[in-house]
Amino acid sequence: TESGKSKILEIDARNIYDSNGEFIQRSAYAQDVTEKVILEREKELFSNINAVVLNHLKIGTFILDAEGGSSFSDGFFDIMSIDKKSNLKEIIHNLEEYSVRTDEQVNRISNFFKNNEKDYESTFEYKHPAWINSKFLTIYMVPHKYDSQKLYIGAVQDVTTQIEYESGLLNASAEKTMLIKEVHHRVKNNLQVITSFISLEE
């Protein structure tokens with residue numbers, strides 16, 4: 001263009017022939033599809049970025065319909081070790097069967113759906129039969145209204161590494177406290193011994 005910017009054009013050209021098959025003329029029209037192509041490229045870019053981020057953070061996403069419909073990302077099935085062909089009933093069964101949850105956590109998710117609470121977040125232990133060790137998962141959900149539909153948008157994240165790291169810090173802190181107490185005890189004993197020697201000398 002005159003401004004030095006490029007445009008993307010979609011061109012449709014057609015040849016017109018008479019009844020004898022003789023060429024008469026060629027017609028063509030061009031449409032500026034620059035904005036459309038840019039939007040599609042940006043959408044693809046953000047989709048790729050989201051995929052990388054979600055995969056790196058070990059996050060799976062899902063959408064639940066109040067009417068019983070559902071949609072789950074591949075990451076969700078990977079984290080839960082569930083067959084991607086599983087339906088909502090089978091997924092719920094897996095969660096109930098293999099999750100280690102307190103009564104409070106069970107009541108909270110029930111209240112979330114019944115009382116239209118603004119959000120729900122819970123971390124629990126999940127042990128699939130195919131695994132050697134358990135995973136720790138955090139589920140987060142918020143209600144969302146789309147047109148006349150009532151939806152629940154959520155994410156599940158594998159926080160096992162984080163939990164283990166924090167647990168390690170707590171254990172290290174506990175060990176450190178014990179060492180400090182032991183050192184303090186020994187120092188105290190040594191001071192008592194020195195004090196006793198001083199008393200004897202006097």
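**A colleague's note on this predicted model**

1. Seven bridges join strand 6 to strand 7, and the two run antiparallel. Strands here are DSSP runs of E with at least two residues, while helices are runs of H or I with at least four, and both are numbered from the N terminus.

2. Before going on, some ground rules. This is a predicted model, so local features need pLDDT of at least 70 and side-chain atom pairs count only at pLDDT 80 or more, while totals for chains, interfaces and linings use all residues. Residues are numbered from 1 along each chain as its sequence is written, and side-chain values use heavy atoms, with hydrogens and water left out.

3. Now the overall layout. The chain has five helices and eight strands, and reading along the sequence gives β-β-α-β-β-α-α-β-α-β-β-β-α. Of its 202 residues, 19% are buried. Buried means under 20% relative accessible area, exposed means over 50%, and partly exposed is in between (1.4 Å probe, protein chains only).

4. Six strands form an open sheet in the order 4-3-8-7-6-5, with antiparallel pairing. Which strands stand at the edges? They are strand 4 (70-72) and strand 5 (99-100), each with a single partner strand, so one side of each has no neighbour in the sheet.

5. Strand 1 (residues 9-17) and strand 2 (residues 23-32) pair in the antiparallel sense over nine bridges, and Asp12 has Tyr29 in strand 2 as its bridge partner. These two strands form a hairpin with five residues between them, and Gly21 in the turn has a positive phi of about 85°.

6. Next, the inside. The largest nonpolar core has 20 residues, and Phe76, Met80 and Tyr126 touch the most other members. Strand 3 (59-65), helix 2 (74-80), helix 3 (88-98), strand 6, strand 7 (135-146) and strand 8 (149-158) each supply at least two residues of this core. Helix 2 gives the most, with four residues. A nonpolar core here is a set of buried Ala, Val, Leu, Ile, Met, Phe, Trp, Tyr and Cys residues joined through side-chain atoms within 4.5 Å. In soluble globular proteins, nonpolar side chains tend to be buried together.

7. Contact means heavy atoms within 4.5 Å.

8. Is Ser86 buried or exposed? Ser86 is buried, with a relative accessible area of 15%, and is placed in the loop between helix 2 and helix 3. Leaving out residues up to four places away in sequence, Ser86 touches Phe77 and Ile91.

9. Finally, helix 4 and what follows. At 1.5 Å a residue, the twelve residues of helix 4 (residues 103-114) should span 16 Å, and the end C-alpha atoms are 16 Å apart, which agrees. The expected span is 1.5 Å times one less than the number of residues. After helix 4 comes Asn116, whose phi is positive, near 55°. Glu117 is in the loop between helix 4 and strand 6 (120-126), and is partly exposed, with a relative accessible area of 32%.

Conventions:
Two strands pair if DSSP finds at least two bridges between them.
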